[in-house]
Amino acid sequence: MKDIINLPLWVKIFIAFALGIILAYYELSFLACIFTGFILLSYLLSCKFSHYLLIPALILLTGSIYFDFNKAIFPPSLPAEVNNFEIKGKVVSYPRYDDRKCSFILKTERKEPFLQKMQVFLYFPARVERGDEIFIKGKLVLPDEPGNPGEFNYAAFLKKEKICYMLITGEEKNLQVVKKACLIDFLLNKCRQKAEITIKNILPDKKAGILLGMLLGKKEEISPEDYREFQKSGIVHIFAVSGLHVGFLAALVGFILSLFKASPWSKITVTCAVLLVYGSIVGWPVSVMRAVIMTILAAAAFYFKRENGLINSLGLAGVIILLLDPYALFKIGFQLSFAATFGLVYIYPALRKVIKEKKWWIDLMLIPLCAQVAVLPFIAYYFYLFTPGALITNILTSYLAGGAIILGFLGIITGIVFPFLSPVFIYPAGFMIDIITAVVKIATSLPFAYLWVKKPDVGFIILYYAGILLVCYALYHKTIKAAGTGILMITVFLFFLCLPPSFYDRGYLEITFIDVGQGDSILIKTPEGKFILVDGGGNRWTDVEERKLLPYLHSRGINRFYMLVNSHPDYDHLKGLERVLEEHKNKFLCIPASLAGVSEYQYIKSAAFNKGSKVVYLYAGQKIKLSKDCFMEVLYPEKEYRGEKYNDNSLVLYMKYRDFAVLLTGDIEQEGIKNLLNKGYVKEAKVVKVPHHGSRGSLYPEFYDKVNPHLAVISVGKNNFGHPHPEVLDLLGAKGIRVLRTDQNGAITFLSNGSEIRIKTFKP
Amino acid sequence: MLNFLLDIIFPMDRCSLCQKPGRYSTTRPWCDECAEAIRSMHEKMHICDRCGKVIDEDKFLCRDCLEKEPPFAIARAVGPYEDSCRIAIKVLKFLGKKNLAVVMGSMMAEVVEKEPRFFPIDLIIPVPASRGHIQQRGFNQTAELARVIGKKLKIKMEDKVLIRVKETPPQRELSKEEREKNLLFAFKVQDKEKIYRKNILLVDDVYTTGSTSRECTRTLLEAGAARVAVITWATGHGF
């Protein structure tokens with residue numbers, strides 16, 4: 001208790017203010033009012049405890065009210081699409097260029113809160129810059145809600161930026177620049193472009209992309225595969241332009257100035273000015289804002305001869321950022337940045353109380369360790385990753401990254417004045433990036449370097465941090481008892497975090513139809529916890545496996561599959577499976593025997609060979625025993641290729657666990673169904689996957705008579721084929737079969753212990 | 001105003017003297033116990049009537065003043081150079097806690113106000129610090145103290161009139177004889193016009209043997225000052 005009272009002032013203010021914001025975010029502001037009212041009353045009645053709590057309570061209330069005032073309130077029923085919408089506005093973010101599209105945030109002059117800011121996507125190479133005023137015509141679209149647990153919630157993400165709509169246009173004539181950016185914006189843009197050009201001229205694309213990512217936080221030129229590798233090795237923070245960068249930049253500027261024998265005052269002002277310019281060039285992400293505020297505070301403390309408590313200035317930075325953007329508290333960047341800094345300014349000194357030796361290599365290990373320990377729950381919560389290997393990779397790479405950053409800055413600065421000199425700095429930076437990528441490659445291939453983990457509950461995260469605080473308290477005050485409790489709490493968290501997903505719902509067969517848009521992907525968990533994935537979705541236009549499939553599998557904490565099954569080699573069934581095979585360990589890869597030789601399978605077969613999973617060819621009559629009472633039977637097709645279409649050679653699989661059976665039908669069409677029925681292969685099942693996303697060509701009423709299902713699942717997304725066809729829906733309705741659709745219900749899960757069925761849908 | 005803002009941004013959560021946790025500010029930099037300790041030290045000390053050094057109860061003047069009359073009219077200090085008073089000056093000087101000067105300066109001003117022999121005062125002048133000291137710590141603590149006293153007494157403060165011309169080793173490392181030799185012609189008055197026929201209050205941090213104060217006073221009187229009185233934060237023991 002005494003320690004809470006003795007916390008630095010701004011930390012206390014930050015905690016109270018943040019609590020108020022959290023209450024308001026979950027629409028519980030009234031609790032803040034009641035609490036403050038209660039404290040005020042007891043203060044007036046002069047109770048003793050209210051003396052301490054009055055000011056915190058008032059700050060808490062201020063936080064709630066402040067958030068409520070700044071809240072983005074969107075009306076509940078907005079049209080999902082508005083065509084030919086015209087609007088004038090100002091580009092307020094640096095446009096981001098992907099291979100096909102350009103995206104930025106537009107601030108408009110409209111009064112309605114849901115039209116004040118919008119995310120714009122242009123499907124042509126546009127020449128827009130930050131600060132430009134533009135006139136644009138296009139389609140207003142509401143962002144998609146996620147369909148699966150674990151999927152990135154883009155709508156919620158945009159809402160935190162106070163954005164409701166996306167504005168999309170594909171025609172160049174729909175965009176007119178009304179007014180160019182003002183001088184300051186123009187200069188900042190020029191700096192940014194100059195930096196890009198300098199680096200891209202010298203380094204090959206891949207390395208230039210990584211270096212630009214590190215210097216400017218531009219992530220679009222790093223390939224998703226590389227990005228994931230960095231994530232797995234736990235050093236992706238080098239791209240989230242962080243305090244590390246600001247610290248290195250400040251140190252660099254300070255060093256250059258001391259070469260010119262500058263006075264302390266001019267050193268401080270110049271460094272602060274450089275940091276402010278740099279912050280504007282990278283567009284003020286939260287981590288940079290935090291680092292710049294803390295650096296300026298440190299400089300001010302030095303100049304005015306005040307004691308600069310790092311924890312105190314972290315709290316002050318937090319309060320300033322929350323005042324500028326109350327939503328920041330709920331953004332990943334804020335949480336990661338503050339957690340990591342908390343690790344450095346609180347956990348590190350605590351450990352230093354015990355480890356007293358002053359050796360450089362101890363710091364080298366302890367500093368990344370403290371940051372990693374502090375962000376661990378957030379990494380697990382947002383990225384479903386537990387990265388013990390990150391400790392080693394960070395020791396090796398964070399200083400290399402620092403070197404590359406300093407050299408990169410020097411290269412850019414000299415590039416502006418003496419262009420011929422910049423290669424001197426940029427080439428070594430490129431070399432350092434080579435080393436970093438090599439370290440990342442090796443680190444991720446080590447056993448236990450990383451582990452996909454189930455998304456932890458918030459309660460467990462709180463438990464973990466309470467444990468950390470207790471351990472730190474114990475280290476500061478040398479009390480064994482608190483340390484023991486703290487370590488126990490941390491261990492409990494880690495234990496539940498690393499618990500394999502097969503541990504949950506034991507004795508239940510689980511079948512989940514994952515929402516992969518237009519396509520199929522079905523995850524099966526046997527009662528004993530083996531994972532089977534039937535098909536993996538795939539879309540030529542959007543990265544559905546990166547956006548939907550892999551995040552879902554990762555959020556379940558699945559690290560190894562027993563079987564990957566492909567029903568037939570169409571793109572919307574095969575593509576995602578290839579990615580899963582690349583990403584995860586897998587024992588068997590199953591493909592239909594009748595299509596074994598087709599060219600579409602070439603890649604996945606070689607990938608299976610390289611990853612050490614065995615290829616199994618499936619044909620009618622095979623029965624795979626998965627565990628006691630649970631087996632999978634192949635009903636169709638036979639060994640030889642028959643019929644014209646791949647679809648009619650789709651695998652038809654029959655999963656059975658005691659009395660519960662599911663029929664998975666792939667994309668089989670009328671011809672195939674007729675074959676299936678003629679041969680008498682069809683068996684009764686409680687749940688059936690409607691063949692071919694509910695197309696009319698797969699409609700065969702006798703099939704449903706024979707199967708006699710209670711539930712039918714249609715795995716479908718936005719498409720131009722008219723799936724699912726109304727006739728199919730009518731027929732299923734007429735037969736009294738309950739229909740669940742992945743486009744409407746999101747991921748659909750069936751859990752059965754062999755007799756009962758439980759159904760869970762992600763969207764109600 | 002600036003100090004108030006800085007107190008908010010960089011809150012002081014420990015007593016500047018005894019490190020006791022709590023909420024402190026520029027106007028209250030130390031805890032009540034430390035404040036009480038300083039106050040009682042000030043009240044209890046028996047001093048030489050002329051130079052303000054701590055002497056035995058039964059004496060009126062210290063041996064130095066009896067042997068040779070000091071050039072200044074009077075010298076006084078807030079407390080003896082020990083315990084809390086000693087720590088306060090060290091924290092101000094060596095830890096660079098500049099804002100301590102606010103409270104310390106006003107306490108010195110109170111001492112001046114209570115003693116009629118200090119008056120009249122026309123000008124306040126701090127003992128100049130060596131350039132090395134300023135470069136190292138970024139400020140001159142005696143000037144800070146003098147500024148506060150000036151504000152409190154509403155008298156003009158001039159910290160550029162008396163300057164140091166000779167870089168000398170710190171007085172605290174030397175014996176009494178060496179101190180006097182060390183300081184000989186170390187100071188100079190830059191702008192004689194400003195002090196001509198003026199009554200001057202000289203401000204220093206510590207009065208140990210009085211060598212610094214004597215030398216400064218001598219320099220000022222030679223340059224035309226009418227009369228010099230000395231106020232310091234702490235004073236040493238005399239015989």
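**Entry 1: between the chains**

I looked up the salt bridges between chain A and chain B and found two. The model is predicted, so I treat every value here as computed from it. I noted one of these bridges by name: Lys97(B) pairs with Glu307(A), and their closest N and O atoms are 3.3 Å apart. I then asked which helices of chain A supply at least two residues each to the side that touches chain B. They are H2 (9-25), H11 (286-303) and H12 (310-324). By class, I count nine nonpolar, three polar and four charged residues on that side of chain A.

Next I took polar contacts. Seven residue pairs are in polar contact between chain A and chain B, both residues being at pLDDT 80 or more.

I turned to the extent of the contact. Chain A gives 16 residues and chain B gives 20 residues. About 1400 Å² is buried between the two chains, and carbon and sulfur atoms give 58% of this area. Which three residues supply more of chain A's buried area than any other three? I found Phe304(A), Lys305(A) and Arg306(A), with 49% of what chain A buries against chain B.

**Entry 2: the sheet in chain B**

I traced an open sheet of four strands in chain B. The order is S3-S8-S7-S4, and the pairing is parallel. Strands S3 (75-80) and S4 (123-126) of chain B each have a single partner strand, so each edge strand has one side without a neighbour in the sheet. Neighbouring strands are turned by 20° against each other on average, direction ignored.

I checked one pair inside this sheet. Strand S7 (199-207) and strand S8 (227-235) of chain B run parallel and are joined by eight bridges. Val206(B) stands opposite Ala234(B) in S8(B).

What lies across S4, S7 and S8 of chain B? I found helix H7 (141-153) of chain B there, running at about 135° to S7(B).

**Entry 3: the sheet in chain A**

I followed a seven-strand open sheet in chain A, ordered S16-S17-S18-S19-S20-S21-S22, with mixed pairing. Its edges are strand S16 (623-627) and strand S22 (738-741) of chain A; each has a single partner strand, so one side of each has no neighbour in the sheet. The twist averages 20° from one strand to the next.

Do S18 and S19 of chain A run parallel or antiparallel? I found them antiparallel: S18 (652-657) and S19 (660-664) pair over five bridges. Tyr657(A) has Phe660(A), in S19(A), as its bridge partner.

**Entry 4: a link within chain A**

I counted 56 salt bridges over all chains. One that I followed joins the side chains of Glu546(A) and Arg228(A), at 2.2 Å from N to O. This pair links distant parts of the chain, 318 residues apart. Glu546(A) sits in helix H19 (544-555) of chain A, and Arg228(A) in helix H8 (224-232) of chain A.

**Entry 5: backbone exceptions**

Most peptide bonds are trans, and most residues other than glycine have a negative phi. I looked for departures.

- His723(A) and Pro724(A) are joined by a cis peptide bond, omega being about -10°. Pro724(A) lies in the loop between strand S21 (711-714) and helix H24 (726-734) of chain A.
- Phe119(B) to Pro120(B) is also a cis peptide bond, with omega near 0°. I placed Pro120(B) in the loop between helix H5 (100-114) and S4 of chain B.
- Lys162(A) has a positive phi, near 65°. I found Lys162(A) in the loop between helix H5 (154-160) and strand S6 (165-169) of chain A.

Definitions and conventions: Residues are numbered from 1 along each chain as its sequence is written. Chains are lettered from A and ligands numbered from 1 in the order in which they are written. This is a predicted model: local features need pLDDT of at least 70, side-chain atom pairs count only at pLDDT 80 or more; totals for chains, interfaces and linings use all residues. Side-chain values use heavy atoms; hydrogens and water are left out. Contact means heavy atoms within 4.5 Å. Buried area is the accessible area (1.4 Å probe) that two parts lose on being put together, summed over both. A salt bridge is a side-chain nitrogen of Lys or Arg within 4 Å of a carboxyl oxygen of Asp or Glu. A polar contact is a pair of N or O atoms within 3.5 Å; within protein, one must be able to donate a hydrogen and the other to accept it, and residues adjacent in sequence count only if both atoms are side-chain atoms. Ala, Val, Leu, Ile, Met, Phe, Trp, Tyr, Cys and Pro count as nonpolar, Asp, Glu, Lys and Arg as charged, and the others, Gly among them, as polar. Two strands pair if DSSP finds at least two bridges between them. Axes are lines fitted to C-alpha atoms, for helices over the stretch in contact, and angles run from 0 to 180 degrees between N-to-C directions.
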